[in-house]
Protein chains: 2
Amino acid sequence: MIFIITIRDIAKRAGVSVATVSHVINNTRFVSEELREKVRKVMEELDYHPNLVAGSLRRKKTNTIGLIVPDNSNPVFAELSRAIEDIGFSSGYSVILCNSAYNLDKEIKYVRVLRSKRVDGLIIIPTTVQATYINQLVDSGLPVIILDRTVPDAKTDSVLLDNYQGTYDATVHLIKLGHSLIAYIDRPFDLPHSLDRLRGYRKALEENGIQLKDELIVRGGFDYEGGAEAMQKLLKRKPTPTAVIAFNDISAIGAIRAIEDCELKVPQDISIVGFDDIPQSSFTTPRLTTVHFPKYRMAEVAFELLQKKLEGTSSDRRAEIVLPLRLVVRESTAKIG
Amino acid sequence: MIFIITIRDIAKRAGVSVATVSHVINNTRFVSEELREKVRKVMEELDYHPNLVAGSLRRKKTNTIGLIVPDNSNPVFAELSRAIEDIGFSSGYSVILCNSAYNLDKEIKYVRVLRSKRVDGLIIIPTTVQATYINQLVDSGLPVIILDRTVPDAKTDSVLLDNYQGTYDATVHLIKLGHSLIAYIDRPFDLPHSLDRLRGYRKALEENGIQLKDELIVRGGFDYEGGAEAMQKLLKRKPTPTAVIAFNDISAIGAIRAIEDCELKVPQDISIVGFDDIPQSSFTTPRLTTVHFPKYRMAEVAFELLQKKLEGTSSDRRAEIVLPLRLVVRESTAKIG
DNA sequence: CTGAAAGCGCTAACAT
DNA sequence: ATGTTAGCGCTTTCAG
C-alpha cells in the first residue's frame with residue numbers, strides 16, 4: 001500500500017476544505033458546481049483513490065460481506081458464490097470468499113477473521129449443526145444469514161430448501177417407473193438437511209408399501225469419486241438396486257461412472273437421480289434426472305434478508321425461508337426393464 | 001458493525017497501557033507473563049475482537065488480496081479460486097472474490113474498488129489484452145499478478161500455461177490415431193492464449209502434412225451449451241470431422257452431448273479432446289481425453305510471486321512463468337474407425 | 001454554502 | 001519492561 005495522495009492533498013490543491021472534497025466524493029451535501037468541478041479535476045490529475053479503510057473506520061461500515069461455503073470447487077457452491085457476488089456487487093458490496101473445507105476449526109477461524117475485519121454481514125453454509133459460535137456472532141450484532149443448512153438453535157434467519165419434498169418427489173418418480181429396489185447414496189455424515197432428504201425417500205417408499213432395505217443405503221464422499229465408490233458397494237449388494245438416488249449431482253455422476261464401468265447402462269439397467277441440478281447435469285450422458293436447486297434464487301433471498309438486517313428493518317422473528325424444489329426429469333431414469 | 005469494545009477498554013480494565021495490549025495481541029514486543037495473562041483474561045471476559053480496519057489504516061496493510069476471475073461458476077476458475085483462497089489463508093490473507101463476467105467495464109470497476117479498499121495485492125485473469133489500466137495499478141505500487149492470460153505490455157509478473165504445446169500435443173495424439181479431419185472449437189473471441197492454442201493445432205497439422213481446413217474451425221461459447229452449438233455446426237460441415245479439439249473441457253463436454261444427440265458415438269465415430277482437465281472430466285461418459293491444467297500449481301506460483309512483491313523482494317525483471325502442460329489420454333479419443 | 005476540527009481504533013516511535 | 005501519544009485518512013458535527 002504505497003498510495004500517498006490523501007484527501008488533504010486534494011483539498012489543498014483545489015483550494016477547498018477536506019469536508020468539501022469528502023462531500024463531492026460521496027455526494028453527501030450540496031457543493032457548488034464550480035468547486036465540485038475543481039475538486040474533480042484535481043482528483044483526476046493526482047490520480048486520487050479515496051482510502052476506504054479510513055472511511056470504513058470512521059463510518060463503521062466496510063461494505064464487504066463474508067461468505068463461508070464448504071468448498072468453492074463444488075459446482076453448487078461455486079454457483080452460489082457467483083450469485084452472491086453478483087447481487088452484492090450491484091448493491092455495492094464486495095465479498096470475501098472463505099472455504100471451510102468442511103472443517104469446523106477452519107470455519108471458526110474464518111469467523112474470527114471476518115469479525116475482526118468488520119464485515120457488515122456474513123452469509124454462511126455451516127459445517128455443523130452447532131449454533132453456539134453463530135449465536136455469539138448474532139448476539140454481538142453481526143448480521144448473519146444461514147444458507148442451505150438447518151441449525152435448529154440459531155438465533156438468525158436462514159434460507160433453506162424443501163429437502164424432504166425433493167427426495168420424496170424423486171422417489172415417487174422412480175416408484176411410478178416401476179422401481180422398488182431403490183438405493184440411496186447419502187453424504188459422508190449426517191446433517192439435518194440430509195436427514196430430511198433421507199426422510200423424503202423413506203416416506204415415499206413407505207407410502208407405496210415398499211419395504212426399506214438398510215443395505216440399500218450407503219454413504220458417499222464429497223467428490224465424484226465418492227459417488228463412484230458408493231455405487232461400487234451398491235453393485236455388490238444382493239439384490240442389486242434397479243434405481244438409485246444420490247444426495248447430490250456430483251455423487252450421481254460418479255455413480256453413473258461406476259455403473260458404466262461394470263458394463264451396465266443407465267437408465268436401462270439402473271436409473272439414477274441426483275440432487276442440485278448443477279449446470280453440467282444437462283450435459284452428462286445420459287442427461288441427469290435431478291432435483292433442481294434454485295441457486296440464484298437462494299442468493300437473492302439471502303441477500304434480501306441480509307439487507308434488512310443491515311438496514312435494521314429485519315423482523316424480530318427469526319425468518320426461515322424454505323424454497324420449493326422441483327424434479328427435473330431427464331434421461332437417467334426409465335421404466336424398469 | 002456494532003462492536004464497541006476497544007483496545008482502550010481492555011487496557012483500562014487490565015490496568016495496563018494500550019501499547020501493552022497491542023503488543024500482546026500482535027506478539028510484537030516482550031510483555032511479562034503476568035500482564036500478558038491479565039490482558040488475555042480481560043479480552044476473553046469482554047469478548048474483545050481487535051478492529052482490523054483500524055489496524056490496517058495504521059499499518060497500511062489489509063492482509064487481503066483481490067482476485068478477479070471471469071466467472072467463478074466455470075469449474076476451472078472455481079478450482080483456481082479455491083486454491084488461491086487455500087494458499088492465502090495459510091499465509092494470513094483473505095481474498096475478495098470478483099467475477100468480471102468477461103466484461104471489461106465490470107473488471108475496471110472492481111479494480112477501482114479493490115484499490116480503494118487497499119488490498120495488498122491483486123491476482124487477476126484479465127478479460128482483455130489491454131494493459132493500460134493494469135499498468136496504472138502497477139505504477140501506483142499495487143502488486144499485481146496476471147494469471148492464465150498473456151498481456152504483452154503489462155509491466156508485471158504473470159503465470160501462464162504452455163498453451164501452444166498443449167494443443168500441439170493434443171493434435172499430434174489425434175494424428176497418430178489416424179485422424180486428419182480434425183476440427184477445432186475455439187472460444188468466442190480471440191485472446192493471445194487462445195491464439196497460442198490455435199497455433200499449436202495448426203503447427204501439428206502442418207508438420208504432419210495435413211491441410212488446414214478453415215471450415216473445421218468454429219467458435220463456441222463460455223458454457224456447455226456453447227460447445228454443443230459449435231459441435232452442431234461442425235456436424236453439418238462436409239466433410240464431417242472425425243476428431244475435434246475444444247478450447248476447454250466444458251465445450252468438449254457440450255460437444256460430446258451434441259454428438260450423441262445425433263446418434264453418433266464418442267470416440268467410435270468422433271474423437272474429442274478437451275483442455276483444462278476439470279474434475280468432472282474423469283467422470284464423463286466417455287472419460288475425457290484432455291490437456292491437464294495444473295490449477296493448484298498455478299495458484300502456488302502466483303502466490304509466491306505476489307509474496308515477493310509484498311515483501312519487496314521481487315526481481316526487477318518482469319517474471320513470466322510458463323507452466324508445462326500434459327495430455328491426459330482417457331477414453332474420448334480412439335483410432336479412426 | 002463551506003470550513004474547522006474532533007475522533008474512529010489502532011500501531012509504533014519515543015520516552016522512562 | 002511498560003507507558004504516552006501522535007498520527008493513519010477519512011466523515012461529520014458544529015460553526016459561520
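**Protein–DNA surfaces and helix packing**

DNA strand C has 27 residues around it, of which A:T20, A:R29, B:I7, B:Y48 and B:R58 come nearest. The model is a predicted one, and DNA strand D is in turn surrounded by 28 residues, the closest being A:I7, A:Y48, A:R58, B:R29 and B:R58. Within chain A, helix α1 (residues 7-14) and helix α3 (residues 33-45) pack at an angle of about 125°, and in chain B the axes of helix α1 (residues 7-14) and helix α3 (residues 33-45) cross at roughly 125°.

**The surface near DNA strand C**

- Among the atoms of DNA strand C that lie within 4 Å of the protein, 62% belong to sugar or phosphate, and the rest belong to bases.
- Phosphate oxygens of DNA strand C are approached by backbone N or O atoms of the protein: one of A:S17 at 3.0 Å, one of A:S32 at 2.8 Å, and one of B:N51 at 2.9 Å.
- Two or more residues of this surface are given by each of α2 and α4 of chain A, together with α2 and α4 of chain B.
- The largest share of the surface near DNA strand C comes from α4(B), which contributes four residues.
- By class, the residues near DNA strand C divide into twelve nonpolar, nine polar and six charged.

**The surface near DNA strand D**

- Of the atoms of DNA strand D within 4 Å of the protein, 59% are part of sugar or phosphate, while the rest are part of bases.
- A:N51 contributes a polar backbone atom, which lies 2.9 Å from a phosphate oxygen of DNA strand D.
- From chain B, a polar side-chain atom of B:K60 is found 2.8 Å from a sugar or linking oxygen of DNA strand D.
- At least two residues of the surface near DNA strand D are supplied by each of α2 (18-26) and α4 (52-59) of chain A, together with α2 (18-26) and α4 (52-59) of chain B.
- The surface near DNA strand D has twelve nonpolar, ten polar and six charged residues.

**Packing of α1 and α3 in chain A**

- The axes of α1(A) and α3(A) are 9 Å apart and the angle between these helices is about 125°, so α1(A) and α3(A) are oblique to each other.
- The crossing in which α1(A) passes α3(A) is right-handed.
- On the α1(A) side the contact is made by A:I10, A:R13 and A:A14, which meet A:K38, A:V39, A:V42, A:M43 and A:E45 in α3(A).
- Sorted by class, this contact of α1(A) with α3(A) has five nonpolar and three charged residues, and no polar ones.

**Packing of α1 and α3 in chain B**

- The axes of α1(B) and α3(B) come within 9 Å and cross at roughly 125°, and these two helices are therefore oblique to each other.
- The handedness of the crossing between α1(B) and α3(B) is right-handed.
- B:I10, B:R13 and B:A14 represent α1(B) in the contact, where they meet B:K38, B:V39, B:V42, B:M43 and B:E45 of α3(B).
- The contact of α1(B) with α3(B) comprises five nonpolar, no polar and three charged residues.

Definitions and conventions:
Residues are numbered from 1 along each chain as its sequence is written. Chains are lettered from A and ligands numbered from 1 in the order in which they are written. This is a predicted model: local features need pLDDT of at least 70, side-chain atom pairs count only at pLDDT 80 or more; totals for chains, interfaces and linings use all residues. Side-chain values use heavy atoms; hydrogens and water are left out. Axes are lines fitted to C-alpha atoms, for helices over the stretch in contact, and angles run from 0 to 180 degrees between N-to-C directions. Angles under 35 degrees count as roughly parallel, over 145 as roughly antiparallel, 65 to 115 as roughly perpendicular and the rest as oblique. A crossing is left-handed if the near helix is turned anticlockwise from the far one by less than a right angle, and right-handed if clockwise. Contact means heavy atoms within 4.5 Å. Ala, Val, Leu, Ile, Met, Phe, Trp, Tyr, Cys and Pro count as nonpolar, Asp, Glu, Lys and Arg as charged, and the others, Gly among them, as polar. A residue is near a molecule or strand if one of its heavy atoms lies within 4 Å of it. A polar contact is a pair of N or O atoms within 3.5 Å; within protein, one must be able to donate a hydrogen and the other to accept it, and residues adjacent in sequence count only if both atoms are side-chain atoms.
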